[in-house]
Amino acid sequence: MRTRATLLILFAAALGAPLGGVIIDRVAVSVGTSVITVSQIDLAIRVTAFLNGEPPDFSPASRRQTAGRLLDQLLVRNELQLARYPSSPEDVAARLFERFRRDRFAGNDANYRAALARAGLTETEIKAQFLWQITFLRFVDARFRPGVQISDQEIQNYFDHTVVPAQEKAHPGQKISIDDYRDRIERVLIQQRVDQQLDGWLKEARSRAEVRFHEEAFR
Amino acid sequence: MNVVNLRFARYAYLVFSLASGYPVSLRAQNSPFAGKRIAVIRFDPAEQPLEASELFQILPLKSNTPLRLEDVRVSIERLFATGRYEDIQVDVQPAAGNAADVVVTFLTRAVWFVGHISVDGDISAPPNAGQIANAARLELGQPFSDVKLQQARQNILRLMETEGFYEPLIQPLYEYDPVAQQVHLRFHVSSGRRAEFTSPRFDGDLKLSPASLLSATRWKHRFLFGWKDVTQSRVTRGLERVRNKYEDDGRLEARVALESMNYDPASGRAQPALSIDAGPKIRIRAIGAKLSQKTLRRFVPVFEEHTVDPDLLAEGQRNLRDYFQSRGYFDVQVRFRQRRSRNDVAEIDYLVQPGPLHRLVHIGISGNRYFTTATLRERMFLTTASLLQYRRGRYSEAYLRQDVESIESLYTSNGFRDVTVKTRTEDDYGGVKSNIAVFFEITEGPQWLVASLDVQGIRRLKREDIVALLSSVAGQPFSEANVAIDRDTILEQYFSNGFPKATFEWNFRPAAKPNQVDLQFIIHEGGQEFVRQVITSGLRITRPQLVNRNLKLNPGDPLSPTRMRDTQRRLYDLGIFAKVDTAVQNPDGDTPRKYVLYDMEEAGRYSLATGFGAEFARLGGSPNNLEAPGGQAGFAPRVSLDVSRLNLWGLGHSLTFRSRVSTLERLGWLSYTLPRYGGHENLELTFTALYDYTRDVRTFTSNRLEGSVQLSQKVSKATTLFYRYTYRRVSVGSVKISPLLIPLVTQPVRIGSVSGGVIQDRRDDPVDSHKGYYNTLDLGIADHALGAQRNFVRFLGRNATYYPIGRKLVFARNTSFGVISPYHYTGDPAAAIPLPERFFSGGANSLRGFPEYQAGPRDPVTGFPLGGNALLENQAELRLPLIGDNIGGVLFYDAGNVYSTLDNISFRVHQQDLKDFDYMVHAVGFGVRYRTPIGPVRLDLAYSINPPRFFGFKGTLNDLINAGVNPCQTEPAKCVVQGISHFQFFFSIGQTF
């Protein structure tokens, strides 16, 4: 009798239990009142893998690393919105996308579609990503480039300490003139300086923002 | 060769990294539930921080539509953007009974926000509870988290340590308010034992002996054994004294820093460790001119900054140059010379070549057509020499620069964008050696005007209302200053209508006509926010309805910071709160309806004030002495004690007891005040009981027992009406008048009266007025029907006006008129009014030709003032600057008197006989005013042109009584003619009127 009653209770419980309930999305990182969700992190991993031509890595370490990148992206986006930066032209992004498709898939549309399907991505997602690239480059140029000044002395130093030794190593005895390298050296130095400023800005933006990683989302 | 990287190589990596998370749509096939019909959307818990209507409005997920994962993500983002959630998860499961449908459940955890912060426990001040609560730095309305709590705890611990408490116990206790998602925190603090100082450690290059440094800190008891308790102020003062010690030794660069406080729990002592670098002795001298060390210290910032650098020395050079120029040495040359340290001494010499003394005698302004010279001069610092205020004028290069900037700024703000101002100084002006003149040559240039104004972006407010407030409209001068004013005007309109994120941009381009611009304002309104509810916290005994009555914000109103501040001010005005904080809860949350918070800290319920003082005046002698009826110099010490009980019954009422005891007066005053009576903001009801024993009028002592009720009504900012019923019993004693009159006037009298009045105050500054007027009227009636034993009507009116003359002078005048008219009386009408009810006048604040209360009719036998039933006074003053900005002078003329009756008011100048007091006394004089934060300190010297003369009885009161009913016949030798002195002087605080 007791056994029958127990079976009855278990059966009833089974009927009443949720059938395959699952958390389909949740907050992974919060920055003030903005969030990065788990689904965004998963998508970011898949897009990165697609662009790199690698299999996606959904390990906790990879997810956390991706979340960190998304956090930086969010900070840049907030800054873009706050400072009312102009939006980027979509045709430039479209050209970048076409070049990527041509280079990666040698113009073979079937291969490209198949790769997209395997990655679980759409073309819209890839195009949007290239638009963001352009937006970001313009942001960096507008935000940090104007403040960077390179002196002749710095160019000379770079030439003496970096270019000349490399030249000596590659082509011993061959003389080179700084005038041939001046523009390129200046670009490199500008780029380095802008990098430093961008890194500093991101670091400061992170420290100013109320960032919280929801650990449960990364387990 | 690939030695040089391609441009943006590093960016490319970042782009790649950052781009990979671009928020694009999730594909439906990523989840087996995607595409299934949403049967129902649930929230767990069911009680959500957002109102149901708002909740479902912002969610893109809808019932009976296919599940899209993109919608789920957007739902999470939007919910989180409201700022009211700490965590959100979305659970999906098949619907019971239909596998094609799903149930979506939002599993949420709400955020808590900081509410009221309080501190209690066993606390030894300093720090007091308020300081501890502030140290927590938990801001009202901001999200609360464990991290913030830990930070707050650390902050409190740090504060306690700086105050010498190294082992405090801090226990946070929570009280949750789920309705407004607030958490009220109570920190239960036990201070523990306060550490004592112990021998400090002095590290570094000391140059002075540790013993002398220890002595300078004063951390050790001077006459007792042992050490003082550690407090932050003691530590700070100790370090400051050590620095001063080095400064006294001439070591101006000495660096003294507290490195650490090493606490020893076993002994309960804290050892300060001081790092010291004494540096060399710095000798600063002025060569070429006499300058005291005090002046050098004032103008050379090296002393104040405790460091020597070229910038500070140059600043000292400029300050000294301005100092000499302000004293008339307009050609002064100041340089400095710094000599390196030798033998532990470094020298700094200021080389001063003062040059000849000058007088600035003329300021010429030319080229000004748009503004008058007077308008420009009003804004200038340079001042020509005058006899008293600036004997050599006011001139320095700094002043000259400021004046040029001031003129340019005035022109620029009125559209003269190309204005230039050049200056020229002319020596030996007018052929007089050392006289100089400064000339300002103004080139105005064209005035730029606004040709058209285009305002873009006004959508939610009335465009006409806003444009009507702007100053940069077509035809008006164009300037950045005007645009800035317009920007503030526009944004204020938006902020007060609940648009906290409104922004303003502007631009202009040249118009078709020359010197005109087409102006464009662009407004980004942002979202409008409204009040969801007003939440108050921190009330302990105050009744909520008292606060609620003063809230000027209601649910649904636009969220206006202006109205929030108005409410805050009204709450402060209740006088029962020490602190009123206001904030918008969750200010960054993207939600249109927000809680407005008011967090209050009730003030102490009792306030106590004590005072000591003294009065120097013509006070007279003993009660029995009839000498000097005109008064003689005396001294009266005074003690006062006030106690108030605030916020009685939690209704904002107050009960106040005031007392004052001096050799002239004993006063007890108890009042019960009901502000905002009956819920009317402009009404105040006051009940008062009073006991007053005084002999400030030398003729008698007055005993007054009084009860009154007064309703005052503030009808405007400047005008107040009051209605009063008073019932009092007055009696007099120690009367120094003819014995014949004594039985009549010494009888106690009860007076019941009603009165009404008005006060109009439109002065710019009540303490030291320069313009405006001040009027008071008071009309009362005492009648048998009101309980009075005497019937009379009393009127007293006053009108004072103030007129500025130019920039420096003020003409002020005051007229007072009063009359007491008895009716239904028997006998002498002059005796129908009890002595204390009559008018008395004279003294520092009325007629300065008389000592205090010495004007008017006098007793024919003793010569003591009797007061009168009519009063007429007129005072006129010319207030002028004397020396510098803080010392001024006054030339005054007072006329008037107290008269026996209204009919006897006279403008006669001459006293007819020794019993005639119904004539007008005139006095002239001058005074000096020294400006202080509590008002001008005043010294007046008056000369009375026609002071009264009278008979006075030389003797004691007993002599007078023994002399019978006609003392001057019985004792003619004692009846002598006396008079009020021609000269009077007064010393007090505040202007006369």
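What follows is a chat about a predicted model.

Biologist: Before we start, what should I know about the numbering and the cut-offs?

Modeller: Residues are numbered from 1 along each chain as its sequence is written, and chains are lettered from A and ligands numbered from 1 in the order in which they are written. This is a predicted model, where local features need pLDDT of at least 70, side-chain atom pairs count only at pLDDT 80 or more, and totals for chains, interfaces and linings use all residues, while side-chain values use heavy atoms, with hydrogens and water left out.

Biologist: Okay, chain B. How many helices and strands?

Modeller: Chain B has 19 helices and 41 strands. Those are DSSP runs numbered from the N terminus, with helices being H or I of at least four residues and strands being E of at least two.

Biologist: And is chain B a compact globule or more spread out?

Modeller: More spread out, because its radius of gyration is 39 Å, well over the 30 Å that the globule rule gives for 993 residues. That radius is taken over C-alpha atoms, and the rule is 2.2 Å times the number of residues to the power 0.38. Along its principal axes the C-alpha trace of chain B spans about 130 × 85 × 85 Å.

Biologist: What share of chain B is buried?

Modeller: Buried residues are 47% of the 993. Buried means under 20% relative accessible area, exposed over 50%, and partly exposed in between, with a 1.4 Å probe and protein chains only.

Biologist: Switching to sheets. What order do β21, β22 and β23 of chain B take?

Modeller: The open sheet runs β21-β23-β22, with mixed pairing. Its edge strands are β21 (530-537) and β22 (577-584), each pairing on one side only. Two strands pair if DSSP finds at least two bridges between them.

Biologist: In which sense do β21(B) and β23(B) pair?

Modeller: Parallel, over 7 bridges, with β23 covering residues 593-602. B:T536 stands opposite B:Y598 in β23(B).

Biologist: Which helix packs on that sheet?

Modeller: Helix α16 (residues 561-573) of chain B does, touching β22 and β23, and its direction makes about 165 degrees with that of β22(B). Contact here is heavy atoms within 4.5 Å. The axes are lines fitted to C-alpha atoms, for helices over the stretch in contact, and angles run from 0 to 180 degrees between N-to-C directions.

Biologist: Where does B:S560 lie?

Modeller: In the loop between α15 (544-548) and α16 of chain B. B:S560 counts as buried, at 1% relative accessibility. Not counting residues up to four places away in sequence, B:S560 touches B:F495 and B:S496.

Biologist: Next, what joins β29(B) to β30(B)?

Modeller: A hairpin, through 4 residues. Strands β29 (701-714) and β30 (719-733) pair in the antiparallel sense over 14 bridges, and B:S712 stands opposite B:F722 in β30(B). β30(B) also pairs with β31 (749-761) in the antiparallel sense, over 12 bridges.

Biologist: Last topic, rings. How many aromatic pairs are there over all chains?

Modeller: The search finds 42. Rings of Phe, Tyr and Trp (its six-membered ring) pair if their centres lie within 6.5 Å; planes under 30 degrees apart count as stacked, over 60 as edge-to-face and the rest as tilted. In chain A, ring pairs link A:F50, A:F97, A:F100, A:F105, A:Y112 and A:F130 into a cluster.

Biologist: Which ring does the charged end of B:R763 sit over?

Modeller: The ring of B:Y774, 4.1 Å from its centre. The criterion is NZ of Lys or CZ of Arg within 6 Å of the ring centre and within 35 degrees of the ring normal.
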